[in-house]
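The exercises below go through a structure step by step, each with a worked solution. Please keep the sequence and the coordinates at hand while reading.

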Amino acid sequence: MICMFIPHVKIIALMPLFILMSSIFIIMFSMILKRNHVFVFCITLCSLLCTLVSLFYIYYIVPVTITSLLYINFYSLAYIFIVIFSSICMISIVYIFLENFYNHKEEFYILLLSSITGAVILIEANHIFTIFIGMELLSLPIFGLITYSFKRSTSIPVILKYVLLSSIVTSFSLLGITVIYLICGTLKLNYIKIAFLINNIFINKILLFGVVFFLTSVFFKLSLFPLHFWITDVYNYASPVLLIYSVTVVKVAVFSILIKLFVYFPYIQCQKLYLFIELLAILSIICGSIMAAFQNNIKTFFGYSSIVHIGYILTTLLVIQDYYISNNIAIIYLINYTMSSIGIFSVLSILILRNKNVNFDLQSLSVYNTLLKGKPILCIAIIIIMFSFLGMPFTYGFITKFLILSIMIQNKFWFLLLSVAISSGFGIYYYLKIILCLYNTRNMISIQNRTPYTRIEIVIIFISILIVILGICPQLIMNILRLNN
Amino acid sequence: MLSLFLIVPFVGSVCCWFFGRQGYKFARFFAILAVMCIVLLSILIWLKDFYHHERCYHIYWYDELIIPWIPQLGIELHLALDGLSFIMIALTSVLSLIAVLCSFYQIKNNEGLFYFNLLFMVFGIMGVLLSIDLFLFFCFWEIMVLPMYFLIIFWGNPQYTEKQKIYTANKFLIYTQVSSIVMLFSILLLSFNYYYQTAIWTFDYNCFINNSIPLPLEYIIMLGFFIAFAVKMPIVPFHGWFVNCHSQSCIDGSFDVLGMLIKVAAYGLLRFNMHLFQHTSHNLHLIVFFLGIITIFYGAWMAFCELNLKKIIAYSSISHMGFILITIYCNNIFSYYGAIIQIIASSFTTSALFILLSQLYRRTHTNIITNLGGLYATIKWIPGFFLFFLFANLNLPGTINFVGEIMALIGIFIQSPYLGCILVFSLLFSVIYSLYITHKIFYGPLKNNFTMTCKQIDFLEFFMILFFMLITLILGIYPNNILQVIRLSIT
């Protein structure tokens, strides 16, 4: 019945991209006529919601291949779902944020939507060309978005640093792409696997070299251990609203492409690569947690703790031979990671909205206390989100941690297990340091602006309820994922 | 019925939090109500299942509750009760009642939250004692320690600075967190082993108990469990968190719940290490004996060196735990009785001593031995009680400690007579430090003048101590009630 109206299956599969792009054009044209923040916000929200709805529609026709460039299966839909969901949460906070402070409000939405489009392309990509385009489309608008910070003067050098670093890394990845092209003669992903399987060891080494260079840019975006130094500056100066975006959407999209790429790297031919990933995961977990323990600024602190989480998720790459299990667990983990990050950074954004002073450090974290005064439910919500980050039982975080550990034990990654033990020691130290600040009644900072910002609080409470529900009955998600195996 | 043991403290804790905002009286009311309910429940269970001991539903368990939880991984909400866990539960409920009563003596800031944490800890302990599914067990095991962290930091001993308390609490939490993640590895390994053998995902204790594990793997798994329990107990290489935790916690004796936290580790050893890993536990028993002897003598000697009364009691409790560890690993019928009775006895005497110490502290405002002296003349009752419990700590005949001691020593003697001979000497050292304390505090010239003006013992304090004393004496003279319950759990 439904198929009668729609000419081609592949057109439906491209719907999210169409919706997002057309909304960008609509916003542009509306801005020519008249700048209207509410209208632009509504258009953005509508387009994101439509994208979300269209995913349920695409669900019935996956897997789809659209030329050789794009390929959509159930897992791409799941990743897109996470991306769009966190974008919607972010948009609802962004609106209040922009309403209060800025002149160029509408441009923010255009940049954001184009970045989300990049993320969607990246998740659907099946060709190195599309991966490259998606990655650039994902990250270039972020340069613009960083400028939406309170301190214009400090943010310019930070942006410059970030732009320079990421362009250098992009050139690395271009080098890698050329090497891959040299060996394979094409840039389709499945040809890489064929090349690995048919060539001899020497040529495989060259190909591996190209792959590692190409992956460098991916690791940079994920800010894994040796490539994490930009975090301190960028996270420090970017507004927390943007951090919601760059911690969740960017990382989820980039990770999805990583897991897609690794399907095409056969284990026996690329043993060194897998060893490298294991090393990277261990180093990210240990160093991320150590550095997070000594952070004084809460935003960089969450940046480093996100490194630890990405380190955990990298474990799923090592068992990519079991495609379904590794994807399922990655998605389960990423859902927890996104939800908790959104919750935490929305709390931060309330604080900053109240304070109008972006740079506050952990020492003055007793501002949390003023925020939560007389709001026990919000207080519980924040503690639940923290515990979920920490992996305490009866929150969703514990289930994810449990699954990751079970992968590690099943495949006998003893060193990874050791690093998990170390990082859990550090983890409980630094997360509880923040929870302590919630209770601390001493040295309260008085903030004049006591606007309630109910909308953000509702987002936080909603997320915490979701975390507890999923923690108590994780079979809800597991059933959905299992049905598609 | 079993689920009530979890529901009551949980609901009670939440009620305390919400109604505690209206005023501390509400919080106290709900706390005492919840704890009374638990005590009544355990009495009911005793009457129902253990008084007429011919009733038996199952091979192991008297009462069971199974609700599927995560069917994909074979995880169930599986609660069960046998004699061992019943004894521990009854102990916990009595101790938590006393803890709540004790904490009435101080009006704190944020009292609702205090009772929330206290009851939440009781909830966690009950969960650990009741859960048979290892996944569930681990969940409660993690949950159990968190309230302790907040109790130390926010309602700790005001003598210490905030920074010291945070340091102590962090140390405590990092120790337990790292050890519990090691235990999680072990639980997962156990489950994977079962999966490879039978292709069934499960975390059920009943399944594991009949399952054979390859010996090298069993060593790894056993060590994972052992480390987690040894950190909680605490056995000497892992005891770093323990003493400071005791001295910097609440001054008003509500800290005997920490005692319960420790006893849970002994329960874990009895339940899991001795039953799931019989071979390796037997193979490694010499090492464990060695650790236990070190723990006993270290605790006794450190208690002798220490000047802070609270730390002395903490060290003596370490010494007791070493003794219990050795008794558990002797693995015969006498030592089994002995271990359980010693767990009961030492938690009663230690918590009674802590309560007495807090009462002393309230009158003299110091815990240091050298500042005290000649209290016998000024304060009625308390010195007498103190003396009684110190002697009970030395296993005086007529107290329950004596029953446990005799049973344990018989068990140890059967296992290895030399070890028994060495352990008898440990009694000597505990006599020395106990006599030293009593002499310093209660006899001799009166040191400080302010002790002259202090108030006498009041009814509630008197009642609590009397209660402990009566229990110690009654169970000591007529221990058959407990022995019967334990005997039922062995079959």
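## Exercise 1: Salt bridges

Over all chains of this predicted model, the rule gives a count of three salt bridges.

Solution. 

Step 1. Taken together, R35(A), E106(A) and E107(A) are linked in a network of salt bridges.

Step 2. Now apply the cut-offs, by which a residue is buried under 20% relative accessible area and exposed over 50%. R35(A), at 40% relative accessibility, therefore counts as partly exposed, and E107(A), with a relative accessible area of 24%, is partly exposed as well. E106(A), by contrast, has a relative accessible area of 4% and is therefore buried.

Step 3. D82(B) lies in the loop between β2 (75-81) and α3 (83-102) of chain B, and R271(B) lies in helix α10 (residues 256-276) of chain B, so that the pair links distant parts of the chain, 189 residues apart. D82(B) counts as buried because its relative accessibility is 5%, and R271(B) is buried with a relative accessible area of 3%.

## Exercise 2: The interface

Describe the contact between chain A and chain B, in terms of its area, its polar pairs and the elements that supply the side of chain A.

Solution. 

Step 1. The contact draws on 38 residues from chain A and 35 residues from chain B. The size of an interface is often expressed as the accessible area lost when the parts come together. Between chain A and chain B about 3500 Å² is buried, and carbon and sulfur atoms give 80% of that area.

Step 2. Between chain A and chain B the count of salt bridges is zero, whereas two residue pairs in polar contact are found across the interface, both at pLDDT 80 or more.

Step 3. On the side of chain A that touches chain B, at least two residues each come from α16 (376-390), α17 (396-410), α18 (414-439), α19 (454-472) and α20 (475-483) of chain A. The largest share, twelve residues, is supplied by α18(A).

Step 4. Sorted by type, the residues of this side of chain A divide into 25 nonpolar, ten polar and three charged.

## Exercise 3: Backbone geometry

Solution. 

Step 1. As background, most residues other than glycine have a negative phi, and most peptide bonds are trans.

Step 2. The peptide bond from M233(B) to P234(B) is cis, with omega near -10 degrees, and P234(B) is located in the loop between α8 (215-232) and α9 (242-247) of chain B.

Step 3. K412(A), although not a glycine, has a positive phi of about 60 degrees. K412(A) sits in the loop between α17 and α18 of chain A, and its relative accessible area of 51% makes K412(A) exposed.

Step 4. N395(B), also not a glycine, has a positive phi of about 65 degrees. N395(B) is found in the loop between α16 (382-393) and α17 (400-415) of chain B, and N395(B) counts as buried because its relative accessibility is 9%.

## Exercise 4: Chain A as a whole

Summarise chain A by its secondary structure, its burial and its contacts.

Solution. 

Step 1. Chain A contains 20 helices and two strands, and of its 485 residues 63% count as buried.

Step 2. Among the contacts in chain A with a separation of 6 or more, 80% are accounted for by residues 24 or more positions apart.

Note on methods:
Residues numbered from 1 in each chain as written. Chains lettered and ligands numbered in written order. Predicted model: local features only at pLDDT ≥ 70, side-chain atom pairs only at ≥ 80, totals over all residues. Heavy atoms only, no water. Contact = heavy atoms within 4.5 Å. Buried area = accessible area lost by both parts, 1.4 Å probe. Salt bridge = Lys/Arg side-chain N within 4 Å of Asp/Glu carboxyl O. Polar contact = N/O pair within 3.5 Å; in protein donor to acceptor, adjacent residues only side chain to side chain. Helix = DSSP H or I, 4+ residues; strand = E, 2+ residues; numbered from the N terminus. Nonpolar A, V, L, I, M, F, W, Y, C, P; charged D, E, K, R; others polar. Buried < 20%, exposed > 50% of the residue type's maximum accessible area, 1.4 Å probe, protein only.
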